[in-house]
Amino acid sequence: DGRSLPGGILKVDNFINHQMDGDLMCSCAREMVRLFKPTGFNKILTVEASGIAPSIFAGYLAHVPVVFAKKATPRTLDDKFVTKVHSFTKDRDYDIIVSKEYLKPTDRILFVDDFLACGNAALGMLDLCRQAGAGLVGMSFLIEKAFQGGRAVIHAKCPGLPIESMAVITALGDGWIEFQTAN
Ligand code: 5GP
């Protein structure tokens, strides 16, 4: 159902980024929880806005809290971890913040997001976890655009970190989408 746009962008407004398909989100979340259960994750970290939907389903299913990193700093929040993230779709830098109250050294974090592209958002989350002294035990995405290299970028900083994507796209063209098929 996605539409391939120029610049390697996949538009999925009809089931993820604008209208949302709860059945699909819940199925993906169930699979994420199944895959990462052995890591003993005790918190899910995501970024507003589109990572929240799959994360809240996963948090519900795994009975763990979900924290979403914020893209704008609320005036009421003093004690926070801050990192800079380059936005792939908007081509600009953002400050991303999480309150120090919600990221602790005792946390075993599963990071969940809608897309893995170049890995910038993921590196930002890794930085926030490092600042907090929290453990990062895995990352999971609804859609990974494998041709943009995010997985290698993450593994360069975090060798061997488990990364699981529900759909992996190997190429996008004018009106076509190529998926990685299961081996
Ligand atoms: P990265 O930080 O890995 O380069 O990009 C991931 C972030 O950019 C995701 O949080 C997602 O919101 C956005 N993003 C990257 N590529 C796409 C895309 O093809 N379509 C949509 N809708 N969002 C994308």
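Biologist: Which residues come nearest to the ligand?
Modeller: Of the 16 residues around the ligand, those are Leu10, Asn17, Gly119, Ala121 and Lys145; a residue counts as near if one of its heavy atoms lies within 4 Å. Bear in mind that this is a predicted model, where local features need pLDDT of at least 70, side-chain atom pairs count only at pLDDT 80 or more, and totals for chains, interfaces and linings use all residues. Residues are numbered from 1 along each chain as its sequence is written, and side-chain values use heavy atoms, with hydrogens and water left out.

Biologist: What lies 2.8 Å from an oxygen atom of the ligand?
Modeller: A backbone N or O atom of Gly119 does. Ala121 also has a backbone N or O atom 2.8 Å from a ligand oxygen, and a polar backbone atom of Ala117 is 2.8 Å from one as well. The protein buries 87% of the 500 Å² that the ligand exposes when taken alone (Shrake-Rupley areas with a 1.4 Å probe).

Biologist: And which elements supply the shell around the ligand?
Modeller: Strand E2 (9-11), strand E7 (108-116) and helix H4 (120-132) each supply at least two residues. E7 gives the most, with 4 residues. Helices (H or I, at least four residues) and strands (E, at least two) are DSSP runs numbered from the N terminus.

Biologist: How do the residues of that shell divide?
Modeller: Into 8 nonpolar, 5 polar and 3 charged. Here Ala, Val, Leu, Ile, Met, Phe, Trp, Tyr, Cys and Pro count as nonpolar, Asp, Glu, Lys and Arg as charged, and the others, Gly among them, as polar.

Biologist: Switching topic: how many bridges pair E5 and E6?
Modeller: Strand E5 (residues 80-87) and strand E6 (residues 92-99) pair antiparallel over 8 bridges; pairing needs at least two DSSP bridges. Lys80 stands opposite Ser99 in E6. The two strands form a hairpin with 4 residues between them, and Asp91 in the turn has a positive phi of about 50°.

Biologist: What about E9 and E10, how many residues are between them?
Modeller: That hairpin has 2 residues between its strands, with Gly175 in the turn at a positive phi of about 85°. E9 (residues 163-173) and E10 (residues 176-179) run antiparallel, joined by 4 bridges, and Leu172 stands opposite Ile177 in E10.

Biologist: Which peptide bond is cis?
Modeller: The one from Glu48 to Ala49, with omega near 0°. Ala49 is in the loop between strand E3 (43-47) and helix H3 (52-62).

Biologist: And where is His63 found?
Modeller: In the loop between H3 and strand E4 (66-69). His63 has a positive phi of about 60° although it is not a glycine. Most residues other than glycine have a negative phi, and most peptide bonds are trans.

Key. A polar contact is a pair of N or O atoms within 3.5 Å; within protein, one must be able to donate a hydrogen and the other to accept it, and residues adjacent in sequence count only if both atoms are side-chain atoms.
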